[in-house]
Amino acid sequence: MKSRHVLVASALALALSACGQSPAPSAEPPVAAPATETAATPAPVETAPVEAAPVATGSKPATVGDCATTITSNDAMQYDADSIAVPATCTQFTITLKHAGTMAVNVMGHNLVIAKESDMAGIAADGMAVAPEHVKPDDARVIAHTRMIGGGESASVTFDVARIKDTSPLKFFCSFPGHLSLMQGSLAVQ
């Protein structure tokens with residue numbers, strides 16, 4: 001209890017000094033609680049409100065130029081874009097994937113797979129056992145994909161735009177086990 005009195009006295013002194021006043025000196029030392037007193041419930045502590053992290057409400061389209069784009073991934077299982085608009089005037093399109101993180105490919109590897117939205121889960125499930133690429137070789141459902149990369153690496157894939165012109169909805173996603181739920185976006189010819 002003695003430390004509680006000291007804390008209360010200190011808090012009072014701090015509050016008064018913040019107001020520009022000095023606390024009156026106390027001639028008496030804090031009184032100790034009687035030995036028969038039971039433990040008191042601590043007083044509630046006020047805390048400042050904590051603001052929630054902002055929730056992304058808008059889309060993050062990839063920047064496209066000269067029939068190509070670059071998508072950056074990171075160690076937090078994120079792509080920096082959630083959509084790619086492929087110009088209808090392109091005959092071929094190139095996507096470069098960069099891994100801005102530092103973790104190794106076997107720990108936090110990323111790739112970029114393009115497929116119909118309805119095929120995503122099957123491609124990811126079939127690729128789980130196919131390390132390190134996590135894409136089943138010659139999977140007909142895969143339109144295109146980069147190789148799996150680790151922190152600081154990059155990889156590119158080029159594909160014929162004719163293969164995706166009349167196919168929708170299309171998605172790009174990471175097939176590393178467990179990444180599909182966070183790392184995906186839409187892809188369309190416009």
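One disulfide is counted in this predicted model, a disulfide being a pair of cysteine sulfur atoms within 2.5 Å. The partners are Cys67 and Cys90, whose sulfur atoms lie 2.0 Å apart. The link between Cys67 and Cys90 is left-handed, with -95 degrees about the S-S bond. Distant parts of the chain are joined in this way: Cys67 sits in the loop between β1 (64–65) and β2 (68–73), and Cys90, 23 residues apart from it, in the loop between β3 (83–86) and β4 (92–99). Strands here are DSSP runs (E, at least two residues), numbered from the N terminus.

Turning to pockets, the largest pocket has a volume of about 210 Å³. A pocket is an open set of points on a 1 Å grid over the protein atoms alone, where a 1.4 Å probe fits, with protein on both sides within 12 Å along at least five of seven lines; lining residues have an atom within 4 Å of a point. The volume is the space filled by probe spheres set on the points, which are joined across faces, edges and corners. Among the lining residues are Lys60, Asp80, Asp82, Tyr79, Ala81 and Leu182. The lining divides into three nonpolar, six polar and three charged residues.

Residues are numbered from 1 along each chain as its sequence is written, and side-chain values use heavy atoms, without hydrogens and water. In this predicted model, local features need pLDDT of at least 70 and side-chain atom pairs count only at pLDDT 80 or more, while totals for chains, interfaces and linings use all residues.

Note on methods: Helix = DSSP H or I, 4+ residues; strand = E, 2+ residues; numbered from the N terminus. Nonpolar A, V, L, I, M, F, W, Y, C, P; charged D, E, K, R; others polar.
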